[in-house]
Amino acid sequence: MTTVEEPARSGGRIRDAARTRAEILDVATQEFARAGFTGARVDEIAARTRTTKRMIYYYFGGKEQLFTAVLERAYTVIRQAEQQLDVEHLDPVAAIRRLAELTFDHHEAHPDFIRLVSIEYIHEAEHIAASEALGAIGSPALDVIGRILAAGRESGLFTADVDAVDLHAMISSFCFFRVANRHTFGALFGRDLVAADQREHYRTMLGDMVIAYLTADRSAD
């Protein structure tokens with residue numbers, strides 16, 4: 001009987017540990033996004049979960065490691081979405097628009113991701129630079145963009161001398177700014193960049209800008 005029951009208990013412990021770890025990461029994401037790395041308190045994270053400060057240190061090692069784990073999970077979400085993107089059946093123009101829409105949709109749906117990246121910028125990306133996991137996952141979007149650019153140039157549709165990293169930065173900058181600067185931009189110019197009734201306008205505008213840049217007539221250059 002013991003040999004039958006032990007794996008079940010072991011499996012239960014594994015599931016409980018995974019559940020506890022996920023719960024800690026959920027709350028830690030909210031706390032770091034709200035208060036920043038410096039302002040966030042492990043005591044507060046423990047109080048909002050069904051665990052203790054000691055257990056948080058057991059799972060993650062400390063506040064630095066916990067913040068790194070939060071960043072790793074946040075980046076993994078967008079990387080997984082990029083991996084699942086299917087644009088092989090689309091022409092280059094439609095494919096690049098779809099990729100831009102993916103980034104637009106993700107950043108809008110994950111404002112905590114935007115805050116976390118902004119916080120990490122303040123710390124000069126020291127946690128990202130030290131993370132082996134983040135260095136390993138890379139960005140599937142770059143591979144996709146590279147293939148789309150190659151197909152677009154081969155077909156004669158794309159004329160811009162741009163690589164995948166440049167185009168990724170171009171798309172990400174618009175999507176990031178729209179969410180990160182929503183309140184400051186609104187206070188200065190009286191326009192909410194994330195207003196629901198303007199969503200399709202900005203989503204289409206992003207695709208139009210990228211495509212216009214890639215397909216511009218450069219014969220006079």
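Modeller: A residue is buried under 20% relative accessible area, exposed over 50% and partly exposed in between, with a 1.4 Å probe and protein chains only. This is a predicted model: local features need pLDDT of at least 70, side-chain atom pairs count only at pLDDT 80 or more, and totals for chains, interfaces and linings use all residues. Residues are numbered from 1 along each chain as its sequence is written, and side-chain values use heavy atoms, leaving out hydrogens and water.

Colleague: How many aromatic pairs does the structure hold?

Modeller: Rings of Phe, Tyr and Trp (its six-membered ring) pair if their centres lie within 6.5 Å; planes under 30 degrees apart are stacked, over 60 edge-to-face, the rest tilted. By that rule the number of pairs is seven.

Colleague: What kind of aromatic pair do Y75 and F113 form?

Modeller: Their centres are 5.2 Å apart. The angle between the planes is 80 degrees, which makes the pair edge-to-face.

Colleague: Which helices does that pair tie together?

Modeller: Helices are DSSP runs of H or I, at least four residues long, numbered from the N terminus. Y75 and F113 are 38 residues apart in sequence, so their pair links separate parts. Y75 and F113 are both buried. The helices are α4 (residues 63–84) and α6 (residues 111–122).

Colleague: Are F177 and F185 buried or partly exposed?

Modeller: Their rings also pair: the centres lie 5.9 Å apart with planes at 85 degrees, so this is edge-to-face. F177 has a relative accessible area of 38%, and F185 has 22%. Both values put F177 and F185 in the class partly exposed.

Colleague: Which residue has its charged end over the ring of F37?

Modeller: F37 forms an aromatic cluster with F32 and F67. A charge sits over a ring if NZ of Lys or CZ of Arg is within 6 Å of the ring centre and within 35 degrees of the ring normal. Here the charged end is 5.0 Å from the centre of the F37 ring, and it belongs to K63.

Colleague: What area is buried between domain 1 and domain 2?

Modeller: An automatic or database assignment gives domain 1 (16–61) and domain 2 (69–215). Buried area is the accessible area (1.4 Å probe) that two parts lose on being put together, summed over both. Carbon and sulfur atoms give 69% of it, and the total is about 880 Å².

Colleague: Which residues in domain 1 lose the most area to domain 2?

Modeller: Three residues together make up 52% of what the domain 1 side buries. They are T29, A33 and F37.

Definitions and conventions
Helices (H or I, at least four residues) and strands (E, at least two) are DSSP runs, numbered from the N terminus.
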